[in-house]
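Hi,

Here is the structure I said I would pass on. Have a look at it first, and my notes on what turned up follow below.

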Amino acid sequence: MHSTNLLLEEPIRMASILEPSKPSFFPATTKIVGTLGPKSRTVDVISACLKAGMSVARFDFSWGDTDYHQETLENLKLAIKSTKKLCAVMLDTVGPELQVVNKSGNAISLEAGALVVLTPDQEREASSNLLPINFSGLSKSVKPGDTIFIGQYLFTGSETTSVWLEVAELKGDDVLCMIKNSATLAGSLFTLHISQIHINLPTLSDADKDVISKWGLRNKIDFLSLSYTRHAEDVRHAREYLSRLGDLQQTQIFAKIENIEGLTHFDEILQEADGIILSRGNLGIDLPPEKVFLFQKAAVYKCNMAGKPAVVTRVVDSMTDNLRPTRAEATDVANAVLDGSDAILLGAETLRGLYPVETISIVGKICAEAEKVFNQDLYFKNTVRYVGEPMSHLESIASSAVRAAIKVRASVIIVFTSSGRAARLIAKYRPTMPVLSVVIPRLKTNQLRWKFTGAFEARQSLIVRGLFPMLADPRHPAESTSATNESVLKVALDHGKASGVIKSHDRVVVCQKVGDASVVKIIELED
C-alpha cells in the first residue's frame with residue numbers, strides 16, 4: 001500500500017491513471033459504516049456487505065421496532081461468523097427529529113403556490129392540504145417567513161421527493177405554509193427540518209433511553225450515534241446515562257452535528273465526544289450551499305488534530321437507485337478521504353437502496369484510490385506542529401513509530417494495546433501502511449464475577465482510519481516478559497502473512513510495552 005503512494009502536487013503520467021489497482025487484503029484504510037434495513041438485512045446480503053468492506057453496521061431507530069432490528073442483528077452475527085470478519089454495532093438515536101405522520105402511506109402530491117397546514121393532531125389523515133406532525137410546539141417555534149423543509153427518510157436534495165415550505169400564518173397550534181416547489185411525497189416517513197430554529201426537545205428522548213436500556217444493553221452496542229447533538233452537555237448527559245447501565249460504560253458516543261446549534265458549539269462537543277458524524281444532509285439545509293465544504297474541511301481537521309474519528313455522510317445518494325455514482329459524488333468521496341475523514345457513512349444507499357453491496361464496494365475503491373495520493377508527509381508535519389512540544393510520552397512514541405515505519409518502508413505497524421489508545425494515537429498520524437492493533441484482553445472483577453475486556457476495544461477501532469484489530473490470547477498480557485511478547489508477536493505476524501500484508505524480507509515496525517518502558521522496534525523478516 002505504501003509503495004504506490006503518489007502526490008498530486010508532482011507530475012504523473014496521465015496514462016498511469018488507467019492502470020488497474022493491485023488487489024489488497026485491506027482495499028482501503030478508510031472505513032465504511034453501512035446502515036442495515038429492508039434491502040440489507042438477510043445473512044447473504046450482510047455477508048456480501050462485510051466482504052465488500054463494511055466494518056460498522058448502523059441500526060437507525062427512526063423507523064422499525066426493536067424486534068425488527070434484533071432479527072437483523074442476529075443475521076449480522078451469523079454473517080460475521082461465516083465470513084470471519086469483525087463488525088462493530090452502532091445504534092443511531094432518533095433525538096428531537098420532527099416527522100410528518102402519514103399513517104396510510106399513500107403518496108401526497110404538493111403543488112407549488114398552494115397552501116398546506118402542518119398540525120400536531122396526529123389522528124388526522126395526511127393529504128395535499130394537511131400534514132400531521134409529531135411536535136406540538138411548532139407554532140411556538142416558528143414565525144411567518146421561516147423556511148421548513150420536508151423530505152423522505154433522509155434529505156436527498158431532489159426537488160421531486162422533497163419540498164420547501166414558507167411559513168405564512170400561525171393559527172393556534174397549526175402552521176399554515178406556502179408550498180415553494182411541486183413534489184410528491186411517497187411512503188410513511190418524512191423528516192421535517194426547520195432552518196436555523198431551536199427546537200425545545202431533549203437530545204436524548206425517553207424513547208431513545210428505552211431503546212438503549214433494552215436493545216442497546218442486551219447487545220452491548222459499540223457506538224451510540226447521538227442525533228442532533230447541539231451542546232457538549234448533550235454528550236455528558238448521554239454518557240452519564242450509559243454509565244448507569246453498567247455494560248455500556250465502554251460504549252463510545254459519536255456526536256451527530258446536524259444543525260447550526262451543533263456547528264456553533266462544535267469545539268466543546270468535540271472535547272466531550274469520542275467521535276463526530278458530519279450529518280451533511282440536515283446541515284446542508286441550515287447552511288448556505290457555498291459554506292458546506294468549508295464546514296466539512298474545518299470539522300475534519302479539528303477531529304484529526306484531536307485524534308478523534310470523523311465520519312462523513314451523504315456522499316453517494318444517487319446509488320440508492322443507480323448502479324454507479326455521479327461524477328460529482330465520486331469526487332466527493334475522494335475529497336472526504338483527502339480531507340482526512342476516518343469513515344464514510346452510508347444511509348439510504350444501503351438501507352433501502354437497490355445496490356447495497358455494490359455501493360460499499362465502489363465507495364471502498366474510491367477511498368483506496370484517494371489514499372494513494374493523500375499527502376501523508378504534509379499531514380504528518382502539520383500534526384506534529386499542532387501537537388507542539390513537549391509531547392506527551394504516548395504521543396512521542398506514536399509519532400516516532402509512524403516516522404520509523406515510513407523511513408524504513410515498513411509493510412505494516414504492529415501495536416500491542418489494552419485500551420486501544422496507543423493504536424488510535426498511531427492512526428492519528430495517518431501512516432501509509434496498515435496498523436495491526438493487537439488488543440490484549442484484561443481480566444476485571446466487580447467482586448461478584450470475573451470477566452475479560454478487550455472485545456469492545458477491538459471492535460471500536462473498526463471506525464478508525466488505518467486500524468485493523470485482532471484480539472490476542474488473554475493468557476498473554478500487554479505488559480509481560482519478552483518470551484510471551486514474542487509469542488503474541490508471532491501470532492500477529494502470522495496473521496499479517498495470512499492476510500497478505502506481510503511478505504518475506506518485509507520490514508515491520510512493532511510498538512509495545514516491556515516492563516515500564518514503551519519500545520518501538522524494527523524487524524526484518526526472513527524467508
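Where is the place of Ser318? Ser318 is in the loop between strand S16 (310-313) and helix H10 (327-339). Before I go further, please keep in mind that this is a predicted model.

Leaving out residues up to four places away in sequence, Ser318 touches Arg324, Pro325, Thr326 and Glu329. With Glu329 there is also a side-chain polar contact, at 2.5 Å.

Now the overall picture. The protein chain has 17 helices and 24 strands, and 54% of its 527 residues are buried. Its accessible surface is about 23400 Å², and carbon and sulfur atoms account for 54% of that. If you take the contacts between residues at least 6 apart in sequence, 70% of them join residues at least 24 apart.

On to the cores. The largest nonpolar core contains 63 residues, and Met54, Phe59, Ile212, Trp215, Phe266 and Ile276 have the most contacts inside it. Helix H12 (residues 356-372) gives the most to this core, namely six residues. There is also a second, separate core of 34 residues, with Val33, Val464, Leu467 and Cys511 among them.

Phe59 deserves a paragraph of its own. Not counting residues up to four places away in sequence, Phe59 touches Leu36, His69, Thr72, Leu73, Leu76, Val89, Met90, Leu91, Asp92 and Trp215. Ring pairs also link Phe59, Phe61 and Trp215 into a cluster.

That brings me to the rings. A pair of aromatic rings is described by the distance of the centres and the angle of the planes. With ring centres required to lie within 6.5 Å, the count is nine aromatic pairs. One of them is Phe59 with Trp215, which is tilted, at 5.2 Å centre to centre and 50 degrees between the planes. Phe59 lies in strand S2 (residues 54-60) and Trp215 in helix H4 (residues 206-219), so this pair ties together parts that are 156 residues apart in sequence. Both Phe59 and Trp215 are buried.

What about Tyr301 and Tyr386? Their ring centres are 6.3 Å apart and their planes are at 85 degrees, so the pair is edge-to-face. Because Tyr301 lies in helix H9 (residues 289-306) and Tyr386 in helix H13 (residues 376-387), the pair ties together parts that are 85 residues apart in sequence. As for accessibility, Tyr301 counts as partly exposed at 40%, whereas Tyr386 counts as exposed at 52%.

Two charges sit over rings as well. The charged end of Arg41 is over the ring of Tyr68, 3.8 Å from its centre. The charged end of Lys31 is over the ring of Phe468, 4.9 Å from its centre.

Last item, a histidine: is His193 buried or exposed? His193 counts as buried, at 5% relative accessibility. His193 is in strand S12 (residues 189-194), and a polar contact of 3.0 Å joins its side chain to that of Asp286.

Cheers

How values were computed. Residues numbered from 1 in each chain as written. Predicted model: local features only at pLDDT ≥ 70, side-chain atom pairs only at ≥ 80, totals over all residues. Heavy atoms only, no water. Phe/Tyr/Trp six-rings, centres within 6.5 Å; stacked < 30°, edge-to-face > 60°. Helix = DSSP H or I, 4+ residues; strand = E, 2+ residues; numbered from the N terminus. Buried < 20%, exposed > 50% of the residue type's maximum accessible area, 1.4 Å probe, protein only. Lys NZ or Arg CZ within 6 Å of the ring centre and 35° of its normal. Polar contact = N/O pair within 3.5 Å; in protein donor to acceptor, adjacent residues only side chain to side chain. Contact = heavy atoms within 4.5 Å. Areas by Shrake-Rupley, 256 points an atom, 1.4 Å probe, with all protein chains shown as cover. Core = buried A, V, L, I, M, F, W, Y, C linked by side-chain atoms within 4.5 Å.
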